[in-house]
Amino acid sequence: MCDVDAERKKTFVLKMPMELTQSRIQKIWLPNDNRPALPRRSCGPQLANSPTVIVMVGLPARGKTYISKKLTRYLNWIGVPTKVFNVGEYRREAVKHYSSYDFFRPDNEEAMKVRRQCAMAALRDVKLYLTEEAGQIAVFDATNTTRERRGMILNFAKENGFKVFFIESVCNDPNVVATNVMEVKLSSPDYRDCNSTDAMEDFMKRINCYQASYQPLDPDDYDRELSLIKVIDVGRRFLVNRVQDHIQSRIVYYLMNIHVQPRTIYLCRHGESEFNLKGRIGGDSGLSNRGKKFAEALNKFVEEQNLKDLKIWTSQLKRTIQTAEALQLPYEQWKALNEIDAGVCEEMTYEEIREQHPEEFALRDQDKYYYRYPSGESYQDLVQRLEPVIMELERQENVLVICHQAVMRCLLAYFLDKSADEMPYLKCPLHTVLKLTPVAYGCRVESISLNIEAVNTHRDRPEEAKKGPNPLMRRNSVTPLASPEPTKKPRINSFEEHVAVSSALPGCVPQEVPTQMPGQNMNNSQKPS
């Protein structure tokens, strides 16, 4: 009995918790065991589950790429490294000269071979991203309309230990499909210089090529074991089957909140405050005289916009509420919109912080996104706090958000797909309204100054911190995004020699892949830097 007790005691001693050291930047506890530090994979929670492949399903012009891009932007924003692999982009690299819908005919064996090889090339890149590039979610954006193709993807995922979540977009409303083709597909590189009538005719024939072999997901029988969501008629109805984990449930929740109705979102800070004049951060001071003039100018601006059913949101701090009061309209207060909590540095100037907390001042300049004020918050914390605000913004139509500098940066980073590295340095000046108009695959931004002078509260990135963004925190995607992409290596060899030559579509001149998305052709002066 004594020997047993001694062994238990020995085991207990060996398993005692080791000493912990608090991270100076993030203020979190880490084991102090002299092991080499693991690379930081992302700015969000580390998922205990296997990497996930999201597989889009549906006929052309059903909004698959729209969902892929929007979902990827959201997941990256909350800190889950996600990347889109658009098989259409691989096909355009392999086949530089698109001729007509004949390429998509199911009896075109050479073209079918090319399309399969493009899909396999994309899957190879998916594997590389999830196993070697710190990715957690890969979005496989293609039609994937047959059980044979989906079976191939499932086998690929099983071989590599990846989870799979299917998103099928179903829409049988011809008006919605035609609108999507006109707004998005006719601007595709496939139809760069085609007249709209010929391009529309060709694309509708392309849809018919897929329609003949389309096998929708069947959660009641054939696909009952798969994890999936069917988005029906642009969000009118949803069908969800076998959600496996937390991240899949967040994806489902997000998809059930977004809509495609035309709307405008206005972001602005409160009017200049007394603390702004004194260079003090945080606190709960009221508006300065110039801040009150801005509130009056904002009232006139809102009247001129003549928006139907405009919702107005503020924080619970005095300066945003005073600004909203001047509008003489109902408004809603959100605690989640309160400014970042500076903890022990609240109501101090930057000079005072430098003098009284020199180490904290230097640490924040090192890594502004992750840095957490003692007893306060980081930008990373703020993003998590603002997620319900983003969800509600996605549900609403016209909204004016009167908030604060750090809060506005986080919201703007979501809509413009800015990285965690860029977010804390986005310029959000006082007495300026940013008008955001969602467009296909992006967001158009207009910066409107109301011509009321105010102090400049922006602090540029310190020179020693200008080393470029961490590549693990980029919005890496094989399709163009709002933030610049690094130079991409060729992903696939040309298959043009395998493609049967077909007659060119009248009026068409083949073009290269575009370098901009729809909605990105705004002037530099309109884009926050």
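Me: With which side chain does the side chain of lysine 27 make a polar contact?

Reply: The model is a predicted one, and in it the side chain of lysine 27 makes a polar contact with the side chain of glutamate 360, at 3.1 Å. The lysine 27 side chain also reaches the backbone oxygen of arginine 372, at 3.0 Å.

Me: Where does lysine 27 lie, and which residues does it touch?

Reply: Lysine 27 lies in the loop between strand 1 (20-22) and strand 2 (29-31). Leaving out residues up to four places away in sequence, lysine 27 touches Gln22, Glu360, Tyr371, Arg372 and Pro374.

Me: Does lysine 27 count as buried or exposed?

Reply: A residue is called buried when its relative accessible area is under 20%. Lysine 27 has 18% relative accessibility and therefore counts as buried.

Me: How should I read a nonpolar core, and how many residues has the largest one here?

Reply: A nonpolar core is a set of buried nonpolar residues joined through their side chains. The largest in this model has 70 residues, and Leu75, Ile167 and Leu411 have the most contacts inside it. Helix 15 (residues 405-416) gives the most to this core, contributing 10 residues.

Me: Which residues are in contact with leucine 75?

Reply: Apart from neighbours within four places in sequence, leucine 75 is in contact with Ile54, Val80, Thr82, Ile137, Ile247 and Ile251.

Me: What is the strand order of the open sheet?

Reply: To read a sheet, one follows which strand pairs with which. The open sheet has six strands in the order 4-5-3-6-7-8, with mixed pairing. Strand 4 (82-86) and strand 8 (237-241) are the edge strands, each pairing on one side only. On average, neighbouring strands are turned by 15° against each other, direction ignored.

Me: In which sense do strand 3 and strand 5 pair?

Reply: Strand 3 (residues 52-57) and strand 5 (residues 137-141) pair in the parallel sense, over four bridges. Within this pair, valine 53 of the one stands opposite alanine 138 in strand 5.

Methods: Residues are numbered from 1 along each chain as its sequence is written. This is a predicted model: local features need pLDDT of at least 70, side-chain atom pairs count only at pLDDT 80 or more; totals for chains, interfaces and linings use all residues. Side-chain values use heavy atoms; hydrogens and water are left out. Helices (H or I, at least four residues) and strands (E, at least two) are DSSP runs, numbered from the N terminus. Buried means under 20% relative accessible area, exposed over 50%, partly exposed in between (1.4 Å probe, protein chains only). A polar contact is a pair of N or O atoms within 3.5 Å; within protein, one must be able to donate a hydrogen and the other to accept it, and residues adjacent in sequence count only if both atoms are side-chain atoms. Contact means heavy atoms within 4.5 Å. A nonpolar core is a set of buried Ala, Val, Leu, Ile, Met, Phe, Trp, Tyr and Cys residues joined through side-chain atoms within 4.5 Å. Two strands pair if DSSP finds at least two bridges between them. Axes are lines fitted to C-alpha atoms, for helices over the stretch in contact, and angles run from 0 to 180 degrees between N-to-C directions.
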